[in-house]
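Subject: Handing over the structure

Hi there,

Here is the structure I promised to pass on to you. Please open it beside this email, and then read on for what I found in it.

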Amino acid sequence: MTIGVRLLRCPMDAADDGVFCELAGRVFEESSQDYLHWRLDNMPDVTVFIASVDGVPAGFKAGYAATGSRYYSWLGGVDPAWRRLGVGAALMVAQHQWLMESRYDLVETHVDQENTAMIALNMAHGFEITGMFLKRGKPNYIMQRNVVR
Ligand SMILES: CC(C)(COP(=O)(O)OP(=O)(O)OC[C@H]1O[C@@H](n2cnc3c(N)ncnc32)[C@H](O)[C@@H]1OP(=O)(O)O)[C@@H](O)C(=O)NCCC(=O)NCCS
């Protein structure tokens with residue numbers, strides 16, 4: 001089994017956009033193309049990492065700049081058929097390698113407190129819980145990690 005990760009930048013071509021939207025639909029059934037495209041089109045310095053297993057798209061991780069020094073890791077996930085195989089970890093490593101070569105000093109993400117898988121993955125990759133807030137009435141953690149160069 002070989003995991004490969006590639007980086008897409010915006011604007012994406014139609015083929016890459018199709019891969020991203022199809023994958024996002026497999027991971028988050030409720031995600032609408034309008035929701036995805038608004039951020040891809042309007043947020044600064046968007047990155048979308050796509051992980052493939054033996055050439056088949058299996059997971060993604062998308063982010064954008066929150067400020068000139070803070071990067072927001074917005075949305076990501078792995079197709080349920082490919083979980084616990086290291087795909088999520090490979091995406092995290094690829095994003096953090098990109099961040100090391102970027103202008104950003106801090107990466108931040110928000111996670112539902114019931115999402116134990118994502119919280120564990122984040123903690124395994126150096127994130128700490130730095131705050132909490134309510135997202136549509138559900139408690140979420142703010143998790144942050146310094147970009148170490
Ligand atoms: C969170 C998620 C991305 C993990 O992806 P994955 O490819 O299964 O993760 P990996 O196989 O790379 O796991 C790496 C580490 O993360 C942690 N982890 C992953 N899934 C876990 C789970 N279900 N329970 C506890 N820890 C978990 C473990 O520390 C794991 O290391 P290990 O396998 O050596 O124990 C995946 O479960 C997912 O897509 N969830 C739904 C989408 C989502 O919630 N996204 C976040 C909101 S944007």
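Two notes on the ground rules come before the findings. The model is predicted, so local features need pLDDT of at least 70 and side-chain atom pairs count only at pLDDT 80 or more, while totals for chains, interfaces and linings use all residues. Residues are numbered from 1 along each chain as its sequence is written.

**Overall fold**

The protein has 4 helices and 7 strands. Helices (H or I, at least four residues) and strands (E, at least two) are DSSP runs, numbered from the N terminus. Reading from that end, the order of elements is β-α-α-β-β-β-α-β-α-β-β.

The C-alpha atoms fill a box of roughly 35 × 35 × 30 Å along the principal axes. A compact globule of 149 residues would have a radius of gyration near 15 Å, and the protein agrees because it has 15 Å. That radius is taken over C-alpha atoms, and the globule rule is 2.2 Å times the number of residues to the power 0.38.

Of the 149 residues, 29% count as buried. Here a residue is buried if 20 or more other C-beta atoms lie within 10 Å of its own, exposed if 12 or fewer, and partly exposed in between, with C-beta atoms placed from the backbone. Among contacts between residues at least 6 apart in sequence, 57% join residues at least 24 apart. Two residues are in contact if their C-beta atoms, placed from the backbone, lie within 7 Å.

**Strands and their partners**

Two strands pair if DSSP finds at least two bridges between them. Strand β3 (residues 56-65) runs antiparallel to β4, and 7 bridges join them. One of the pairs is G59 with V78 in β4. A hairpin of 4 residues links β3 to β4.

On to the next pairing: β4 and strand β5 (residues 106-112) run parallel, joined by 3 bridges. Y71 has V107 in β5 as its bridge partner. Between these strands the chain passes through α3, and this β-α-β crossover is right-handed. Right-handed means that, with the strands pointing away from the viewer, the path from the first strand over the helix to the second runs clockwise.

R70 also sits in strand β4. R70 counts as partly exposed because it has 14 C-beta neighbours inside 10 Å. Leaving aside residues up to four places away in sequence, R70 touches Y104, L106 and E108. R70 and Y104 are 34 residues apart along the chain, yet their C-alpha atoms are separated by 5.4 Å.

Toward the other end of the chain, strand β6 (residues 128-135) is hardly covered, with 0 buried residues among its 8. Strand β7 (residues 138-146) runs antiparallel to β6, and 7 bridges join the two. L134 stands opposite P139 in β7. These strands form a hairpin with 2 residues between them, and R136 in the turn has a positive phi of about 45°.

**Around the ligand**

Which residues come nearest to the ligand? Of the 19 residues around the ligand, they are G77, R83, G88, A89 and A117. The elements that give two or more residues to this shell are β4 (70-78), α3 (87-100) and α4 (116-124). A residue is near a molecule if its C-beta atom, placed from the backbone, lies within 6 Å of it. α4 gives the most, with 6 residues.

By class, the shell has 11 nonpolar, 6 polar and 2 charged residues. Ala, Val, Leu, Ile, Met, Phe, Trp, Tyr, Cys and Pro count as nonpolar, Asp, Glu, Lys and Arg as charged, and the others, Gly among them, as polar.

**Backbone details in the loops**

The peptide bond from C10 to P11 is cis, with omega near 0°. P11 lies in the loop between β1 (3-9) and α1 (14-27).

D45 is not a glycine but has a positive phi of about 50°. You will find D45 in the loop between α2 (33-42) and β2 (47-53). D45 is partly exposed, because 16 other C-beta atoms lie within 10 Å.

D54 also has a positive phi, near 50°, in a residue other than glycine. D54 belongs to the loop between β2 and β3. With 9 C-beta neighbours inside 10 Å, D54 counts as exposed.
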